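Hello,

Here is the structure I promised to hand over. My notes on what turned up follow below it.

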Amino acid sequence: MFIGLPQWHHNAWAKLGINNLADYSRYFNCVEGNTTFYALPKAEIVHRWRDMTNDDFRFCFKFPSTISHQASLRNCQKEIDAFFQCLDPLNSRIGQLWLQLPSAFSPMELPALWTFLDVLPKAFTYGVEVRHPEFFAKGEAELQLNRGLSQRGINRVILDSRPIHAAVPHSTAVREAQRKKPRLPVHPVDTAGQPLVRFIGGDVIDDNLAFFTPWFEKLRNWQQSKTRPYLFIHTPDCSDAPQQAQKIWQQLEKFIPQTGPSPDWPEQNSLF
């Protein structure tokens, strides 16, 4: 299993000895590459990322918003080419390239999604995250989505935002996360053998563990069926994401021993 966080650096992580990507990759074997959603990095930065990781580490970069949101997947071959050219030095360490579609992307636009996916380079693994309510209604739209992804060997990205929306909005970070993250049903389907799970936690670990409990069995079943998922642990502002991931990881080891040991930094009685 791949376990990671939505980013590899936060100033609050310095007390854990995580100051850069090299430090982060000592504990986690993958990372969400959200940075590419906003802008493509310079070539020297991509080479630096390669030098700071080993061959077993996996990046899951997000397609740029210029492709998914501004162009709505249409007439964007120039942007697609730039994306792949930018990441070329990291090709062997790309775990999954994933497309996050806006909530306005409806079932009527599925033909555009299939056209887009069908011309992507075949050498990579891909994931798609949808946010339109009809894709979660267990009706014909969702059947078409899952069937089309499965036929193409594309993973469906799974967003679990239940814990953040159940959190007490006592801080700016929690309120901001609740504003940004969609509130959608959780449909843990495997369409291509590498489901990407984004667990959007609040800032209370016990509450997060309660919401995560059903995932222990699901992840174990996937592991037994030779499925290898990606699991990314989020918290409101990510300042405590490593500590929360450690707690979840410790419980996960009991269900899936093959997960490997959790990060070994000293545990804290309080996350703050």
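Start with His10. Setting aside neighbours within four places in sequence, His10 is in contact with Ile18, Asp237, Cys238 and Ser239. His10 sits in a loop, with E1 on one side of that loop and helix H1 (21-24) on the other. Pro242 is 232 residues away from His10 in sequence, yet their C-alpha atoms are 10.0 Å apart. Keep in mind that this is a predicted model.

Sheets

Pairing in general first. Strands of a sheet pair through backbone hydrogen bonds, either parallel or antiparallel.

E7 pairs with strand E8 (residues 196-200) over three bridges, in the parallel sense. Within that pair, Leu159 has Arg198 of E8 as its bridge partner.

Another open sheet has three strands in the order E4-E5-E6. Its pairing is parallel. Here the edges are strand E4 (97-100) and strand E6 (155-156), each pairing on one side only. Strand E5 (residues 126-129) meets E6 in parallel over two bridges. Gly127 has Asn155 in E6 as its bridge partner.

How do H10 and H11 pack? Their angle is about 35 degrees, and their axes are 10 Å apart. The crossing of H10 past H11 is right-handed. On the H10 side, the contact is made by Ile205, Asn208, Leu209, Phe212, Phe216, Glu217, Leu219 and Arg220. On the H11 side are Gln244, Lys247, Ile248, Gln251, Leu252 and Phe255. By class, this contact has eight nonpolar, three polar and three charged residues.

The largest pocket has a volume of about 620 Å³. It is lined by 25 residues, of which Asn34, Tyr38, Lys181, Arg198 and His234 are the closest to its centre. Arg198 is also the bridge partner of Leu159. Which elements give two or more residues to this lining? They are strand E2 (30-33), helix H2 (35-38), helix H9 (172-180) and E8. H9 provides the largest share, with four residues. The lining of the largest pocket splits into nine nonpolar, eight polar and eight charged residues.

The second largest pocket has a volume of about 170 Å³. Its lining includes Met1, Ile3, Arg26, Tyr27, Asn29 and Trp249. Thr259, Gly260, Pro261, Ser262, Pro263 and Asp264 line this second largest pocket too. By class, its lining has six nonpolar, four polar and two charged residues.

Best wishes

Technical notes:
Residues numbered from 1 in each chain as written. Predicted model: local features only at pLDDT ≥ 70, side-chain atom pairs only at ≥ 80, totals over all residues. Heavy atoms only, no water. Pairing = 2+ DSSP bridges. 1 Å grid on protein atoms, 1.4 Å probe; cavity = no way out; pocket = protein on both sides within 12 Å on 5 of 7 lines; lining within 4 Å. Points joined across faces, edges and corners; volume = space filled by probe spheres on them. Nonpolar A, V, L, I, M, F, W, Y, C, P; charged D, E, K, R; others polar. Axes fitted to C-alpha atoms, helices over the stretch in contact; angles between N-to-C directions. Left-handed = near helix turned anticlockwise from the far one by under 90°. Contact = heavy atoms within 4.5 Å.
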